[in-house]
There are 2 protein chains.
Amino acid sequence: MVRLNNDTRDEYANYLLGLIKENELEQFQEDFLQLHPTDQADFYLTLEKEDRQNLYQLITSEEMADVFQALEIEEQKDLITEIDHHYAAEMINHLYADDAADFLAELEQAEALKILTAMNLEDANDVKELMAYPSKTAGAIMTKEFISLTSTQTAQEVIEQLREEAPNAETIYYLYVVDYQQQLVGVVSLRDLITAQSHELVKDLMSPRVVSVASTTDQEEVAQLIKKYDFLAAPVVSPAGILLGIVTVDDVMDVLEDAATEDLGDFTASRGATDVNVTAFKAARLRAPWIVLLMFFGLITAGVIDQFEDTLSQIVLLAAFIPLLMGSAGNAGTQSLAVVVRGLALGTLEKKGLFKTLLREFNTGMMIGLICALALLLIIPIFYGSFILAVIVGISIFCSLSVATVIGAIVPLIINKLKLDPAFASGPFITTVNDILGLLIYFTIATSLLEFL
Amino acid sequence: MVRLNNDTRDEYANYLLGLIKENELEQFQEDFLQLHPTDQADFYLTLEKEDRQNLYQLITSEEMADVFQALEIEEQKDLITEIDHHYAAEMINHLYADDAADFLAELEQAEALKILTAMNLEDANDVKELMAYPSKTAGAIMTKEFISLTSTQTAQEVIEQLREEAPNAETIYYLYVVDYQQQLVGVVSLRDLITAQSHELVKDLMSPRVVSVASTTDQEEVAQLIKKYDFLAAPVVSPAGILLGIVTVDDVMDVLEDAATEDLGDFTASRGATDVNVTAFKAARLRAPWIVLLMFFGLITAGVIDQFEDTLSQIVLLAAFIPLLMGSAGNAGTQSLAVVVRGLALGTLEKKGLFKTLLREFNTGMMIGLICALALLLIIPIFYGSFILAVIVGISIFCSLSVATVIGAIVPLIINKLKLDPAFASGPFITTVNDILGLLIYFTIATSLLEFL
């Protein structure tokens, strides 16, 4: 297998393309198949449709399965349509069951069923089983291609078994031990096996208490478990302890990456809409609902300000500090939100305790508010010549920052406790709530101090 | 090695603690050492200081090294102070070089030197070498404990070598092949080795073109590479191609997690300040600079509004829509920022092209702006009885959303091109820029349409 450096990758792609253009197909076939599947897929994506059709002639459906596996789901969906139906079914037969299930789940049901029917029965059953698990659970991301042992095998027997089964297994580095009922009873690493004597029994080499997850466990929880223990894989078991499949570290890295994308989406009102590869129209369709929804909340702030029109008309300059107050409260609230969301994700918050966290955020908010208030008490009189205005803005920023940190911390905690959709804990929603509270504080203080102006 | 389920972990910890309290130290020793180091560390952290001192008597410095390795750096720093100096140096001798380097880099220089001097010479040199690499590079996160082969060894000879070296290597699943000058010439996986015949030569089994990284490569780039290829490790080489160390997948998961924390910090003005385990005072000290800095930018918005005091005093109701306009422009800009930051992180943006991305964001912004404008043209006349006010706010939201998406996309692209600190591309900064532009647009339009009101 030829693997490429960053420097040589483009060069090599040009060389391969040249081989196709000059019809040196045998040489192309040989060189292409030596590439790592990830590089094969990258190259495949640079081809014109006509050249892709040539490629399908040159490589077997099994070799194409490796390429297909390395593509993104969206790319897979686009490209499957141009592949000959029979060749496609053969190719999907050769995918790992979890990859096949992920792909088929994205197709129209009729289309998926057509492919499943064309597949061989055993593979199709594995795929159907995986497709039945709710998405984003351990069951949905696990693979069926694992190696299982019995506790009475010797190290030597296992090595021989590996020689045969390795080509079809997703990992051979963790081997799971089951009893006659297929219940998981232990784990042995290939590392332990290599260092063992050839006559030693699996039952003496294995660790009898394995960390396992249920098929219903949330995929992020599986990811955190594998990350915490530095595992390369984790076994998935049924309620009766029967070994159903394994989740490997490479799948888990994708889960962590997706979780980060989701978190970011929540903080930026763009959940599910951060893909650069969609048209402006589709991007607008995905993103507009957030903006419009938040704009309607903005109408509430307009209503609040409208209530204080008398106060505002007496001292128009009050309007000048609306953005400053709103911005500061928004930023302080979002900071608290980030602290709590991160603490929940990493599990550090549970150790700390919820009430202590809230109290800390409140104290932090008061301290930051005090600093801001003092700064404004110095600056506003200089630029705007009004000490009372400075007092109004100063007290307002102190109060609204103290409140904003608590709101920023308490909302995600409640959402988390009640297991509601965390989108409601997203940055923009909390900012909007803090806007409304901040404006009420500001204008209430301003109205009551109006006589001093 | 006993591993625990989530359900039984607390129960088992209580059992272990009971053994200490009842002074059944031999039984404790036996049971404790059967735990996975991650669980050992979790248990260790629940102990009182007195019990921890007992623990140091019961387990060797080598066994303690496993526990220590599983702790967070902050925890390591707290706990090292209570450990006997001689025992501590012994323990650090037994750490993997990369973990020892990470830990010592966090200590005061004098303290670190004292420990390095007490360590054995060879280990200390490895650690010093790692400490010399700039932080957040491949060199800084790589481990020196890898297994290297020569191309003339047979599969059988390699297996025998593994039996000896496995206990000291961080991974034995990828084996790197070097020539007589220690230059990296290939890689062979344990999987390939297991399935090979025992007399086959490494040079016939290895992949000759290995993906490698330079010691100066950014750690996030290494992480993305490992993730892209589903590797379990990647080799780090000098400019002359000499194998220096390897980066393993478990280190890379921590890098991805840290990167996600950093990204979130950038979006929430809380970079480096999302730790829940610090006092309110320290949290305020870390977070206040962001809030105060952004508040000073807020003073610019106050200045902008102040310039339009005449317009405002003629129609006070204009102030009511400041939050709505600012909020919408802020949200639209942050969405674009999220799209671009995510695209840069995942590498999807480079394929798409910068100009096309900007154009798409501009088009998206115009479409969302149009929807918002139409909604406001319907709603504002109903609630506030003024069609001209609706026109002013509507045109303003259309213009400022179109601009905001472009600003949100272009700033991180410029930052990325110029390799500046991405903190300046953070959400709050972009929101502040969009606030100022949005207010200028709003009041300019309002002033020019004033005569119609």
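Predicted model: local features only at pLDDT ≥ 70, side-chain atom pairs only at ≥ 80, totals over all residues.
Chain A is divided by the domain assignment into three parts. Domain 1 runs over residues 6-137, domain 2 over 148-262 and domain 3 over 280-452. The centres of domain 2 and domain 3 of chain A, taken over C-alpha atoms, are 49 Å apart.

An unreviewed entry lists "domain: CBS" for residues 142-205 and 206-264 of chain A. In the model, residues 142-205 of chain A are 33% helix and 20% strand. The end C-alpha atoms of that span lie 25 Å apart. Residues 206-264 of chain A are 46% helix and 22% strand. Here the end C-alpha atoms are separated by 41 Å.

The annotation "transmembrane region", also from an unreviewed entry, covers residues 288-305, 317-341, 362-384, 390-415 and 427-450 of chain A. Two of these spans were examined in the model. Residues 390-415 of chain A are 100% helix and 0% strand. Their end C-alpha atoms lie 37 Å apart. Residues 427-450 of chain A are 96% helix and 0% strand, with end C-alpha atoms 33 Å apart.

Helix 21 of chain A covers residues 354-384.

Attention now turns to the contact between the two chains. The size of an interface is often given as the accessible area lost when the parts come together. Chain A and chain B bury about 11000 Å² between them. Of this area, 65% is on carbon and sulfur atoms. The contact takes 132 residues from chain A and 130 residues from chain B.

Charged pairs also occur at this interface. Side chains of opposite charge can pair when their charged atoms come close. Over all chains, the structure holds 18 salt bridges. Six salt bridges are found across the interface of chain A and chain B. One salt bridge joins the side chains of A:Asp42 and B:Lys228, at 2.6 Å from N to O. This pair crosses between chains: A:Asp42 sits in helix 3 (residues 37-46) of chain A, and B:Lys228 sits in helix 15 (residues 219-229) of chain B. B:Asp42 forms a salt bridge with A:Lys228, and the closest N and O atoms are 2.6 Å apart.

Within chain B, B:Phe146 was examined. Where is B:Phe146 found? B:Phe146 is in the loop between helix 11 (138-141) and strand 1 (148-149) of chain B. Leaving out residues up to four places away in sequence, B:Phe146 touches B:Leu243, B:Leu244, B:Gly245 and B:Ile246. B:Phe146 and B:Glu165 are 19 residues apart in sequence. In space, their C-alpha atoms are 9.1 Å apart.

Notes: Residues numbered from 1 in each chain as written. Chains lettered and ligands numbered in written order. Heavy atoms only, no water. Domains from an automatic or database assignment. Helix = DSSP H or I, 4+ residues; strand = E, 2+ residues; numbered from the N terminus. Expected span 1.5 Å × (residues − 1). UniProt positions renumbered as here; feature names shortened; annotations may be inferred. Contact = heavy atoms within 4.5 Å. Buried area = accessible area lost by both parts, 1.4 Å probe. Salt bridge = Lys/Arg side-chain N within 4 Å of Asp/Glu carboxyl O.
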